[in-house]
Amino acid sequence: MSEYSYGIYLNGNWQRGLGPAFQTVNPSQPNVIVGTYDSASKDQIAELVTSSHAAQREWRAIPPLERIARFGKYLAAIEAKSEQLAISITLEQGKPLTEARAEVAKSIAEARVMAGAASHGLGEVFPSARPGIRNLVVRRPRGTIVAISPWNFPILTPMRKLAPALIYGNAIIVKPSEYTPATACLLAEAAKGILPDGLIQIANGAGAIGDMLARAEGIAGITFTGSVATGRRIQAAAANNLAEVSLELGGKNAALINDTPNIPNCLDQVFGAAMMCAGQRCTAISRVIVRRDIADDVVEGLASRARAAVVGDGMAPATAIGPLTNKRQMERVAEMVEAGVTEGARVVSGGRRAAPPGFEGGYFYEPTVLSGVRPNMSVAQNEIFGPVISVLTYDTLDEAFEILNGVEYGLTSSLFSNDNAIIQRFIDQSENGMIHINHGTVPDNHMPFGGVKNSGVGAYSVGPSAANFYLSEHSVYLKSA
Ligand code: NAD
């Protein structure tokens with residue numbers, strides 16, 4: 001018997017999906033099945049879209065402030081289920097329960113900020129070129145939004161899409177990752193009796209189901225978080241119906257360490273930002289770019305933290321670093337570290353699979369620090385999405401900025417320096433959507449979240465910019481009859 005069993009959530013009820021069945025396992029103990037699911041079929045996707053349109057028509061007719069109040073009740077219902085949601089995250093995704101609890105709390109906090117922001121004015125008034133006319137720009141809900149999410153944040157990512165979609169008057173169909181669907185299923189169920197049936201619906205399944213949804217006739221927008229390769233496919237699929245697209249993609253994020261009055265504190269920040277969620281965060285620090293004269297201290301400080309970190313099952317209170325979420329990801333991390341070593345990087349700590357007692361078959365990888373990494377190496381260029389830090393050194397600031405920006409990605413970045421000129425240059429020249437000075441890469445609950453270059457396309461999520469994706473713009477010329 002598995003812990004969770006779901007099909008598709010259609011118009012407020014669970015139904016058997018008529019597409020392929022699949023299972024999820026606990027990444028700490030892959031012989032334990034956590035969930036059994038079945039995917040939506042093509043016909044069921046069409047039914048989901050039809051029922052989504054109906055729910056959206058009902059929802060958009062409710063005055064916005066009342067909608068926001070109803071959404072607040074929904075958030076309270078989610079909050080009441082916090083522990084259940086956190087456990088579902090740890091069981092399928094693997095992260096330590098403390099991190100899963102923090103993820104649930106952050107999702108709710110972000111959604112509350114979003115709900116508050118929705119009551120602010122969203123339109124604009126322009127002067128007219130003609131007498132007796134007032135010009136306005138008003139914004140309206142788009143309609144049915146499709147949300148496709150990855151496995152690293154089973155509640156945070158769906159909520160970042162669902163909250164703005166709903167409070168701005170849209171309906172949403174969520175396709176969670178096939179590795180971690182339970183949390184989104186629990187999230188959708190929590191709306192029963194509070195929000196109109198059909199407003200939040202779930203289409204379970206793998207990439208093929210995401211593709212069908214992205215091509216579905218009548219959808220108004222697709223919000224996607226995941227890899228660059230899938231993002232490209234989704235953008236191409238969206239061209240079919242010219243749906244609005246928001247893509248949040250990978251990162252190869254760096255901490256540039258130039259000077260810091262407190263190296264231990266700086267390294268705590270960097271190590272935490274690198275290893276949280278076993279490095280499977282799009283905003284994880286993956287590269288440390290450090291001034292050559294302090295590099296030895298930085299490498300040894302990071303390696304000693306790696307050696308001390310407890311790797312284990314997410315439900316064990318002592319665990320600092322859980323497993324990778326699936327076998328493929330664990331193999332990928334191991335292959336990438338091996339490739340780095342072949343290209344000349346040195347393993348200072350870790351560099352192999354971990355086998356915590358009692359969980360020997362789990363997808364664990366030791367927290368790893370690589371030194372001697374050069375900018376052209378694969379471990380310096382490619383997203384690893386695992387507990388691995390590549391350390392690169394520099395002699396001049398020009399070289400440091402060249403390394404910082406010499407990757408395809410542009411998601412987030414961190415600078416450690418007390419030099420005002422360097423800080424100003426970093427704010428101006430770090431080619432990233434998010435820029436942190438003297439701390440790690442954890443974002444706030446109200447700040448725009450997104451990336452430039454290959455890390456993202458379209459409106460940023462979180463905070464005020466989300467409205468640009470979830471609302472359409474309409475220019476109004478208003479004249480008395
Ligand atoms: P992925 O791209 O493999 O899958 C993401 C989602 O897309 C899953 O639900 C998957 O089923 C679906 N999918 C796969 N193929 C599809 C297709 N052809 N059409 C439609 N949907 C399809 O990514 P992943 O491995 O689940 O997640 C890891 C990636 O996500 C990393 O690259 C990471 O950096 C990125 N990520 C980015 C952010 C961000 O905000 N920028 C946040 C989290 C994760």
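Asn26 sits in strand S4, residues 21-26. Strands (E, at least two residues) and helices (H or I, at least four) are DSSP runs, numbered from the N terminus. The model is predicted: local features need pLDDT of at least 70, side-chain atom pairs count only at pLDDT 80 or more, and totals for chains, interfaces and linings use all residues. Residues are numbered from 1 along each chain as its sequence is written, and side-chain values use heavy atoms, with hydrogens and water left out.

**Asn26**

- Asn26 is buried, at a relative accessible area of 7%. Buried means under 20% relative accessible area, exposed over 50%, and partly exposed in between (1.4 Å probe, protein chains only).
- The Asn26 side chain reaches the backbone nitrogen of Ser28 at 2.8 Å. That is a polar contact: a pair of N or O atoms within 3.5 Å. Within protein, one atom must be able to donate a hydrogen and the other to accept it, and residues adjacent in sequence count only if both atoms are side-chain atoms.
- Setting aside neighbours within four places in sequence, Asn26 contacts Val32, Val34 and Leu91. Contact means heavy atoms within 4.5 Å.

**Ligand site**

- The ligand is surrounded by 28 residues. Ser149, Glu178, Ser227, Leu249 and Glu383 are the closest.
- Helix H7 (207-215), strand S11 (221-225) and helix H8 (228-238) each supply at least two shell residues.
- Taken alone, the ligand exposes 840 Å², and the protein buries 88% of that. Areas come from the Shrake-Rupley method with a 1.4 Å probe; for residues, only the protein chains shown count as cover.

**Helix H13 and its surroundings**

- In helix H13 (397-405), the buried residues are Ala400, Phe401, Ile403, Leu404 and Asn405.
- These buried residues pack against several elements, among them strands S13 (253-257), S14 (285-291) and S17 (388-394), and helix H14 (420-429).
- S14 is mostly covered, with six of its seven residues buried.
- S13 and S14 pair in the parallel sense over five bridges. Pairing requires at least two DSSP bridges between two strands.
- Val288 in S14 is the bridge partner of Ala255.

Notes. Near = heavy atom within 4 Å.
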